[in-house]
Amino acid sequence: MALNLTRAVTPLAPSIALPLRRLCTAVLDGATSVSDDHLPTLEPSSDAESISEILLYHHNPFHAMESSLQLHGVSLSPPLLHQTLLRLHHNSKIAIALFNYAKSLPDPPLTTTSYNLLIDILSKVRQFDAVWQLIVEMDQNNLNPTTATFFILIRRLIAAGLTRQAVRAFDDMCSFVEHRSGNKDYYYLLDTLCKYGYVKVAVEIFNKRKSCGDFDPDAKMYTILIYGWCKIGRIDMAERFLNDMIERGVEPHLVTYNVLLNGICRRASLHPDVRFERTLRAADKVFDEMRDRGIEPDVTSYSIVLHVYSRAHKPHLLLDKMKMMKERGISLSVATYTSVVKCLCSCGRINDAEELLEEMVRNGVSPCAATYNCFFKEYRGRKDVDSALKLYRKMKEDNICVPSMHTYNILIAMFVKLDKMEIVREIWEDMKKNGVGPDLDSYTLLIHDLCEKQKWRQACTFFVEMIEKGFLPQKVTFETLYRGLIQSDKLRTWRRLKKKLDEESITFGTEFQNYHLKPYRR
């Protein structure tokens, strides 16, 4: 049966992409990404929009999708395949079916980038066995895996808590990539471990591989480890590594001190005031040491201290500090403004925060999604539907920045709790059009809130949609829905849902039998 499809180019967010994550210190020193191999970014493409719309809105998860593509006479080129996969990065099952279709063509439009995109999509839903099959398949098809291929896998393994498997993948990389692991590769491994809180594993690797001569420890490597200790609140260990670094003749730089300063200030308890003052004294000590070494604090250094005033809810001191920065000729960054906006919002000074937002734009500093999130969180606390909706629509119209996944989730949680389902549907559709989501968190919070309000039909609809898109529900989501349906005497609904899940599990195993994909079964 032919499908009528109106082609429309969806407004795209220029910043929406799936790049490899930057170093933890990148925000502080503008460092470039670890690898030169980036995944492609989302770009306007009417053909990619049309294909993704066909697959997303007309694909039956219990039947193969090839007929739809053949019916529309789609001719896939590598760039078109890449752009379509980018639009399917939250729909792993449909993405892998499209990939299999592309593989079956007489002249498959598959490249290393195509495999990297699918590896990222499958790793996100923890289908690591299938990912390894793809890597081996790449090697067999003379499409050499790159460091970017392994960096994607390593990051997702660590995010899933599988640190040992990540280290093994790092060691196996040399069997597929024709170069010996050096400092840059270790930067990525150690940094990713530290980012997800596994600094002890990172230090173990650092000490063991350093003694084997696998790399030369430098300032960036020490900075990464200092960041890791700070992230888990072990400032004493961070300072010990700083001292060890200096004793070994490795000179710390501005980023090293900013990372330490950030650890001291961000993790400290600021109440009562004696703790606030103690934190400021510790920060001043770092400033003094920086100047003793001839390192002048920059806007990031001052912004970190500003955030202390913000967390302590001291808007007057915060505004005085910001004024001092301006008088010294320090250009305020978006992070600086966001800290002040956050403080003003949390202290109930919304009007002052709005004036500061206008000042940002006048000074040529574009607000980021985190800046707007400060307002949305305050409006959520006040249950101020009109102000939240007005700011959200203004954010869309001005097109200054694109809402982040976190922005959408804040708004969805707010409006579901206030039973504003029409607004939820509007935001949900916007999120899809912008290619940002929905992701696992979006479905989880929506289903939980719907269960809380006993809207069982809608909760079941989103639960099934979530699974069909390839997201594995958390155990608590499954149990919440099950318990709610049984307690509400919805046994028939539960049986229909269970039957649907069983069919999905069987279909998932047969449709993708070429890969060791785990079925969505509890």
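Within the largest nonpolar core of this predicted model, which has 169 residues, Phe376 and Phe415 are the members that touch the most others. For Phe415, once residues up to four places away in sequence are set aside, the contacts are Val385, Ala388, Leu389, Lys420, Ile423, Val424 and Ile427.

The cysteines form a second topic, and here the structure holds 0 disulfides. Cys451 illustrates this, because its sulfur lies 7.5 Å from the closest cysteine sulfur, that of Cys460, whereas a disulfide would need the two sulfur atoms to be within 2.5 Å. Cys451 is also buried, with a relative accessible area of 7%, and Cys230, at 3% relative accessibility, counts as buried as well.

Asp419, which belongs to the loop joining helix H22 (405-417) and helix H23 (421-433), has a phi near 60°, a positive value in a residue other than glycine. Asp489, placed in the loop between helix H26 (475-487) and helix H27 (491-511), likewise has a positive phi, of about 60°, although it is not a glycine. Asp419 is partly exposed, while Asp489 is exposed.

The accessibility values of the residues discussed above are gathered here.

| Residue | Relative accessible area | Class |
|---|---|---|
| Cys230 | 3% | buried |
| Cys451 | 7% | buried |
| Asp419 | 41% | partly exposed |
| Asp489 | 67% | exposed |

Methods
Residues numbered from 1 in each chain as written. Predicted model: local features only at pLDDT ≥ 70, side-chain atom pairs only at ≥ 80, totals over all residues. Heavy atoms only, no water. Core = buried A, V, L, I, M, F, W, Y, C linked by side-chain atoms within 4.5 Å. Buried < 20%, exposed > 50% of the residue type's maximum accessible area, 1.4 Å probe, protein only. Contact = heavy atoms within 4.5 Å. Helix = DSSP H or I, 4+ residues; strand = E, 2+ residues; numbered from the N terminus.
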